[in-house]
Amino acid sequence: EYSADPNLRYYAFNMDDPVWGGYSERAKKLRQAVSLAVDSQAFIDLFQFGSGKQAQWVLPEGLFGYDPSYKN
């Protein structure tokens, strides 16, 4: 029988970095573009051998407050 354990990995930007950081419109758009360009399924396939699901927000399936209808 298959069971899923809640687990969440995330990657963050160093907000003090002169390229990525700060709250300017340029820096915000750059972070958004990189975030959209990352292939989450490829990470799951490569580093977790296909065992996992893409997260749509900070709460993984199985935790209180998880909303299965929310799509990022």
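Start with the aromatic rings. In this predicted model, a search of the whole structure turns up three aromatic pairs.

Select Tyr-11 and Phe-43. Their ring centres lie 5.7 Å apart and the planes meet at 50 degrees, so this pair is tilted. The two residues come from distant parts of the chain, 32 residues apart. Tyr-11 sits in the segment before α1 (25-37), while Phe-43 belongs to helix α2 (residues 40-47). Colour by accessibility here: Tyr-11 is exposed at 63% relative accessibility, and Phe-43 is partly exposed at 34%.

Phe-47 has 53% relative accessibility; over 50% counts as exposed, so Phe-47 is exposed. Now show Tyr-11, Phe-43 and Phe-47 together: ring pairs link them into a cluster.

Zoom out to the cartoon. The protein has two helices and zero strands. Its radius of gyration is 15 Å, well over the 11 Å from the globule rule for 72 residues, so the protein is more spread out than a compact globule. Along its principal axes, the C-alpha trace spans about 50 × 30 × 20 Å.

Check the contacts. Of those with a separation of 6 or more, 21% join residues 24 or more positions apart.

The accessible area is about 6,500 Å², with 56% belonging to carbon and sulfur atoms. Buried residues make up 7% of the 72.

Last, select the charges. There are 7 positive and 9 negative, and their mean positions are 9 Å apart.

Key:
Residues numbered from 1 in each chain as written. Predicted model: local features only at pLDDT ≥ 70, side-chain atom pairs only at ≥ 80, totals over all residues. Heavy atoms only, no water. Helix = DSSP H or I, 4+ residues; strand = E, 2+ residues; numbered from the N terminus. Rg over C-alpha atoms; globule rule 2.2 N^0.38 Å. Buried < 20%, exposed > 50% of the residue type's maximum accessible area, 1.4 Å probe, protein only. Contact = heavy atoms within 4.5 Å. Areas by Shrake-Rupley, 256 points an atom, 1.4 Å probe, with all protein chains shown as cover. Lys, Arg positive; Asp, Glu negative; His and termini not counted. Charge placed at Lys NZ, Arg CZ, Asp CG, Glu CD. Phe/Tyr/Trp six-rings, centres within 6.5 Å; stacked < 30°, edge-to-face > 60°.
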